Amino acid sequence: MVKSGFVCFVFMVFVLGTLAAQDQRGAEKSHQVILKYLGTAGWEISDGTTSILIDPYLSRINGPAPPGGGSGHSLAGDTRRAYGWGDVASPDVAAIDSHIQRADCVLVTHTHYDHILDVPYIALKTGAVVIGTESTENVMRAYSVPEGQLTTVRGGEDYEFGSFSLKVIPSIHSPLDHKHYFSSATAPAGMKAPLTLEQIHPEGGTLAYLIRFHGHQILVFGGMNYIEREIVGLEPDVALIGAGASRKEIYDYSGRLMRDLHYPALVLPTHWDNFLAPYGASQQPALDALQSFLQEIAAASPKTKVIVPKYFEAIPLETLPK
Ligand SMILES: [Zn+2]
């Protein structure tokens, strides 16, 4: 009796010890936030359980260039089909399926094709909630994404989602074409798929997002501009900052950002690659052009670490104490 009681006790200690160890491993796993660059302004932010996508655009079609070039230039010798504004382009389902297995939430910064073309397919495939402007949601509606998956925002919202929270920040579009770009257009309700590139490119206003996730505050921009009063006082430890050439149209772009955001520990440049080139093509010209951005950040915030992301390569964030 005494002996079996002792055995039972030892067994229980063993079981509890094993459970505790598993629990700890599980906790460590779920607190590790990993970022992956999908190209253009696209990112995946995940802890292995919850997956948040930002402007996921994997199709990288040979589409029309933004006004003044922006961060996209047709590649010389590109033999893929060249799409015009009046054309319908289908998402590259193979590229999406090989990299996006699941998503809980898709954040869209604005309704331009290099941000939204793949979002209806991803939403329908994963059941993810799409957070974006009314313009963005009208594009989703055209593709019959269920109403329950659409959370329409205008900037100013601060929403709780359980494992993360999300502050929606009013923003403005990159100053393309030497400050001549302007669009007040919005995608209207009542459109029917398939939509032409022109129909999925009305901008519809631009948003930025602050994601609070496992103690991190990750500030996400979808392009090269911001409204200073909307970001002053934010203290993200990670900032995804638009680093395309049009930022040079803006007064002290990187300096004001670094000061306003109180010198974030980590900066990841976004929307700096040539999104009209396929994944396999050389991004050397874009990488060369990015050097001046790295210098700007180093000058404005010497302690900030900058990582130039490689497509689909995991960037693990430091695990923070609870
Ligand atoms: Zn845009």
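**View 1. An open sheet of 7 strands with mixed pairing, in the order E7-E8-E9-E10-E11-E12-E13.** Strands are DSSP E runs of at least two residues, helices are H or I runs of at least four, and both are numbered from the N terminus; two strands pair if DSSP finds at least two bridges between them. The model is predicted, with local features requiring pLDDT of at least 70, side-chain atom pairs pLDDT 80 or more, and totals for chains, interfaces and linings using all residues. Residues are numbered from 1 along each chain as its sequence is written, and side-chain values use heavy atoms, without hydrogens and water. Strand E7 (158–160) and strand E13 (305–306) are the edge strands, each pairing on one side only.

**View 2. Parallel pairing of strand E11 (residues 238–242) with strand E12 (residues 266–270) over 5 bridges.** Valine 238 has leucine 266 of E12 as its bridge partner. Helix H9 (residues 284–300) packs on the sheet and touches E11, E12 and E13 (contact: heavy atoms within 4.5 Å). The direction of H9 makes about 155° with that of E12; axes are lines fitted to C-alpha atoms, for helices over the stretch in contact, and angles run from 0 to 180 degrees between N-to-C directions.

**View 3. The largest cavity, lined by 21 residues.** A cavity is a set of points on a 1 Å grid over the protein atoms alone where a 1.4 Å probe fits but cannot get out; lining residues have an atom within 4 Å of a point. Pro66, Asp114, His173, Leu176 and His271 lie nearest the centre of this cavity. Helix H3 (residues 113–116) gives the most to its lining, with 3 residues.

Definitions and conventions
On a 1 Å grid over the protein atoms alone, a cavity is a set of points where a 1.4 Å probe fits but cannot get out, and a pocket is an open set with protein on both sides within 12 Å along at least five of seven lines; lining residues have an atom within 4 Å of a point.
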